[in-house]
Amino acid sequence: MIGVEDVAALGWPVALMVAAIGVRDRLRWARRRGALHVALHELRRPLQALVLKADAAGRNGASASGVPGELELAVSALDELDREINGVAPPLRLRPVPARAWVEGSVGRWRAAAGRAGSPVALRWNAGSAYVLADPNRLAQALDNLIVNAIEHGGPPIGVQGAVRGERLRIAVTDGGHPPVPHAVRRAPARLRGLARRWATRGRRGNGLRAVARIAAEHGGRFMVRHGPRGTVAALELPLASTPAVDVIAA
């Protein structure tokens, strides 16, 4: 905000110009936000229709355990984007989630993509029938991000391991650290391939891993990444839930 002292120091013409720029920027953002709302509405409507149709046909990908399907996750992501545009934090809808069903759901969603990339995902489960108290949609987002990062930016072999460590469930996604070579890198002259690879892969693993870290913190857990000569280990740890209970909504 511009105060009286600022106006006196800058002079009225400059102060008016600065104020006009501020008003212009606010109007521009208001128009952009309105356009985003319209676009979200138009995208949400067909998605919701698809969810209803898939539910009626039993094809939404959700299991009897309540693990969300692909369409439900898409609608949830749109809702989060809508709230982010309006500066409203989405609530956490906590309930006991069967950990194995949640992990198998994410692995199943990306199995075909991993196979096409030559990086099949191996699942090893040592957590029995463990439950975590969590928002199922947020958990699916977290693990999906880890698996996609391993497929796109890590390379084979890719593994997902689940184990109980004390009072926590630990999900570790490992990869070989050898991502597929981008087309632009393959076409680059041999002497420039190292530079081309670094340029093509700059900023990789960034946004997805930040989302995982945020989700872990929201659930009272933690997220760790370790890079080494044999690849990368990304580990998500979440508090265990003792027994299934009713839904809890956390602001």
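Guide: Before we start, a residue is called buried here when its relative accessible area is under 20%, and please keep in mind that this is a predicted model.

Visitor: Fine. So is Ala134 buried or exposed?

Guide: Ala134, which lies in strand β3, has a relative accessible area of 1%, and because that is under the 20% cut-off it counts as buried.

Visitor: What does Ala134 touch?

Guide: Leaving aside residues up to four places away in sequence, Ala134 touches Arg93, Leu94, Arg95, Val97, Leu139 and His219.

Visitor: How much of the chain is buried overall?

Guide: The chain has 251 residues, of which 37% count as buried. As for its architecture, the chain contains 8 helices and 8 strands, and among the contacts with a separation of 6 or more, 70% are between residues 24 or more positions apart.

Visitor: Let's go back to the strands. Which strand does β3 pair with, and in what sense?

Guide: Strand β3, residues 131-134, pairs with β7 in the antiparallel sense over 2 bridges, and Val132 has Leu240 of β7 as its bridge partner.

Visitor: What about β5 and β7, how many bridges there?

Guide: Strand β5, residues 168-175, is also antiparallel to β7, and 8 bridges join the two; in this pairing Arg170 stands opposite Glu237 of β7.

Visitor: And how is β6 connected to β7?

Guide: A hairpin leads from β6 to β7 through 2 residues. The two strands, residues 222-228 and 231-241, run antiparallel with 7 bridges between them, including one that pairs His227 with Thr232 and one that pairs Arg226 with Val233.

Visitor: Is β7 mostly covered or mostly open, then?

Guide: Strand β7 is mostly covered, since 9 of its 11 residues are buried by the under 20% criterion.

Visitor: Switching to helices: what does α4 look like?

Guide: Helix α4 spans residues 99-116, which makes 18 residues, and from its first C-alpha to its last it reaches 27 Å, close to the 26 Å expected at 1.5 Å a residue. Even so, α4 has a kink of about 45°, centred on Trp110, and just after the helix Gly118 takes a positive phi of about 75°.

Visitor: Which residues of α4 are buried?

Guide: The buried residues of α4 are Ala99, Trp102, Val103, Ser106, Val107, Arg109 and Ala114.

Visitor: At what angle do α4 and α5 pack?

Guide: The two helices pack at an angle of about 35°, and their axes are 9 Å apart. From α4 the contact involves Trp102, Val103, Ser106, Val107, Arg109, Trp110, Ala113 and Ala114, while α5 contributes Leu139, Ala140, Leu143, Asp144, Ile147, Val148 and Ile151. The crossing of α4 and α5 is right-handed.

Visitor: Staying with α5, why does Arg138 count as buried?

Guide: Arg138, a residue of α5 (residues 136-153), counts as buried because its relative accessibility is 6%, which falls under the 20% cut-off. Apart from residues up to four places away in sequence, Arg138 touches Glu80, Pro90, Pro91, Leu92, Ile215, Glu218 and His219.

Visitor: What happens at the peptide bond from Pro156 to Pro157?

Guide: That bond, from Pro156 to Pro157, is cis, with omega near -5°, and Pro157 itself lies in the loop between α5 and β4, the latter covering residues 158-165.

Visitor: Last one: where is Pro68?

Guide: Pro68 lies in the loop between α2, residues 12-57, and α3, residues 70-85. Its relative accessible area is 3%, so Pro68 counts as buried. The C-alpha atom of Pro68 is separated by 8.3 Å from that of Trp102, which is 34 residues away along the chain; Trp102 is among the α4 residues in contact with α5.

Note on methods:
Residues numbered from 1 in each chain as written. Predicted model: local features only at pLDDT ≥ 70, side-chain atom pairs only at ≥ 80, totals over all residues. Heavy atoms only, no water. Pairing = 2+ DSSP bridges. Helix = DSSP H or I, 4+ residues; strand = E, 2+ residues; numbered from the N terminus. Expected span 1.5 Å × (residues − 1). Bend = angle between axes of the 7 residues up to and from the residue. Buried < 20%, exposed > 50% of the residue type's maximum accessible area, 1.4 Å probe, protein only. Contact = heavy atoms within 4.5 Å. Axes fitted to C-alpha atoms, helices over the stretch in contact; angles between N-to-C directions. Left-handed = near helix turned anticlockwise from the far one by under 90°.
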